[in-house]
Amino acid sequence: MEFTILMPCLNEEATLARCILKAAASIEKLQLSAEILIADNGSTDQSITIAESLGARVINVEEKGYGNALYAGIKSSRSKYIIMADSDDSYDFSNLDPFIKKLRDGYDLVIGNRFDGGIEEKAMPFLHRYLGNPVLSFLGRLFFKIPIRDFHCGLRGFNRVSILELDLCTPGMEFASEMIVKSALNDYKVTEVPTKLYKDGRSRRPHLNTWRDGWRHLYFLLMHSPKWLFLYPGLLFFMIGLISYGASLIGELHIGNTTLRLNSFVYLSFLIIVGFQSILFYFFSLLRKHFDGNNDDILTEIYHIIINRLYIYVLLGVMIFLGGVYILVNTGTFPGTVPKTINTIQLLKTLLSSIICTSFGIQIIFNSFFLGMISKR
C-alpha cells in the first residue's frame, strides 16, 4: 500500500462522513493504492459507526491528545506515505495531488500553507490568523532556519518511516511543531504547498485552546533552541549590565538626559548575574545533547574540555569568591565597619561589586560540582 489518509477524531459525527467520502473520491480519481484510517480518541457519539460504515479502518487510542491520536495512527498505518488532516471538514481531501507529487519526488515532509492557498471567511479566528500563527511560524523560521510559513497547518503528508525515526513524543497540539522542528534538526527534505482552509462544519467548540495550546507550541520551540532560550538573552543581559556597570565605576553614567542613580546600579548588577547564569545554562544544554547520545565532534570536544578540568573551574570559582570577599573587607564596607562619612553611591558600587564577584564564584563552584555529578565522574 502506498498511501494512508489519516484523520484524528474526537466526536466528529457532523463532518466525518464528508471527509471520508472526499478522501475516497481522491483515492479513486488518482488511482491510489491507499487506505483511510481513523484514529479515534474516545468518541462518545456516532463517529466510529459512521467511519466503519463507509469502509474506513478505525483504531481506538486511549491516551488523550491530538499528538497521541496521530502518533498511534502513524504507527498503525500500513503504507509508505501518510497524508493527515483534521476530520472537521476544514481541509479539502479531494485536492491531495500536490502532496502526493512532492512525496513521490522524495520529500520527507510536505506542509500545507493556508496563507498561500487561501483562508475562507471565518475559517480561522482573528488571533490565530494575525498573531498566533504568524508569530509562532516566524519564531520557528528564526530558531531553526526552516523555510516554512505555516507551522500549524493540519494538512500535511510525510514518509512514514522517516517520521517514526524522529521518535515524536508530544501528546497535544504541539505535535505539529514537533514534527517540523525535528525534521529540520535531522536534515529532512521539507517543503510547502498551497492549500485552502475552509470554515469547519462543527456545531461545537473546537478542541484547540488558543492560549494553552499557543503556549505549548512556544514552549516546545524554546526547549529545542537553547541558543535563543539561554545564550542570546544571557549575552545581551551580561554585556548590557557589564558595560554599563563598568562605565559607572569610572564616573557618572549618563544616558541622554538621564543620570543613573542608586537603583540603576542594583538592576545592572542583577543583569550581570542573571546573564552569567543564563550562559552557563546554555553550556549545560550542550552537554545534555552529548549525554543523550549526540555524536557531534564539537560537542564531544566541549564535553572533554569541561569535564576533564572541573577541578580547575572549582579553584577559579574559589579565587573569584575570595576576590569578592577581599573587596568587601579591604574597602571598609564590611557590615558594621562602614564609616559615617562615606559616599553613599560609592558604598553601593563597592558592595555590588563584591556581590557580583562572590555570586560568580559560588555559581562556578556549584555548577562545576553539578556537572561532575551528572557526568558520573
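Reader: What makes Ser90 count as buried or exposed?

Author: In this predicted model, where local features need pLDDT of at least 70, side-chain atom pairs count only at pLDDT 80 or more, and totals for chains, interfaces and linings use all residues, the relative accessible area of Ser90 is 6%. Buried means under 20% relative accessible area, exposed over 50%, and partly exposed in between, with a 1.4 Å probe and protein chains only, so Ser90 is buried. Residues are numbered from 1 along each chain as its sequence is written, and side-chain values use heavy atoms, with hydrogens and water left out.

Reader: Where is Ser90 found, and which residues is Ser90 in contact with, leaving aside its neighbours within four places in sequence?

Author: Ser90 is found in the loop between strand 4 and helix 4, where helices (H or I, at least four residues) and strands (E, at least two) are DSSP runs numbered from the N terminus. With contact meaning heavy atoms within 4.5 Å, and with neighbours within four places in sequence left aside, Ser90 is in contact with Lys196, Leu197, Tyr198 and Asp200.

Reader: What makes the pairing of the Ser90 side chain with the side chain of Asp88 a polar contact?

Author: The two side chains come to 2.6 Å in their polar contact, and the term covers a pair of N or O atoms within 3.5 Å; within protein, one must be able to donate a hydrogen and the other to accept it, and residues adjacent in sequence count only if both atoms are side-chain atoms.

Reader: How do you know whether Asp89 and Asn11 are buried or partly exposed?

Author: Asp89, in the loop between strand 4 (81–84) and helix 4 (97–104), has 11% relative accessibility and therefore counts as buried. Asn11, in the loop between strand 1 (3–9) and helix 1 (16–29), has a relative accessible area of 24% and is therefore partly exposed. Phi of Asp89 is near 70°, a positive value in a residue other than glycine, while phi of Asn11 is near 55°, again a positive value in a residue other than glycine.

Reader: Why is helix 8 called roughly parallel to helix 9?

Author: The axes of helix 8 (residues 175–185) and helix 9 (residues 210–223) come within 9 Å and cross at roughly 25°, the axes being lines fitted to C-alpha atoms, for helices over the stretch in contact, with angles from 0 to 180 degrees between N-to-C directions. Angles under 35 degrees count as roughly parallel, over 145 as roughly antiparallel, 65 to 115 as roughly perpendicular and the rest as oblique, so helix 8 is roughly parallel to helix 9.

Reader: Which residues of helix 8 and helix 9 meet?

Author: Ala176, Ser177, Glu178 and Val181 in helix 8 meet His217, Phe220 and Leu221 in helix 9. Ala176 is buried, with a relative accessible area of 9%, and the C-alpha atoms of Ala176 and His217, 41 residues apart along the chain, are separated by 8.5 Å.

Reader: What makes helix 13 and helix 14 roughly antiparallel?

Author: The axes of helix 13 (residues 310–330) and helix 14 (residues 344–374) come within 7 Å and cross at roughly 160°, and helix 13 and helix 14 are therefore roughly antiparallel to each other.

Reader: How many helices and strands does the chain have, and what share of its residues is buried?

Author: The chain has 14 helices and nine strands, and buried residues make up 47% of its 377 residues.
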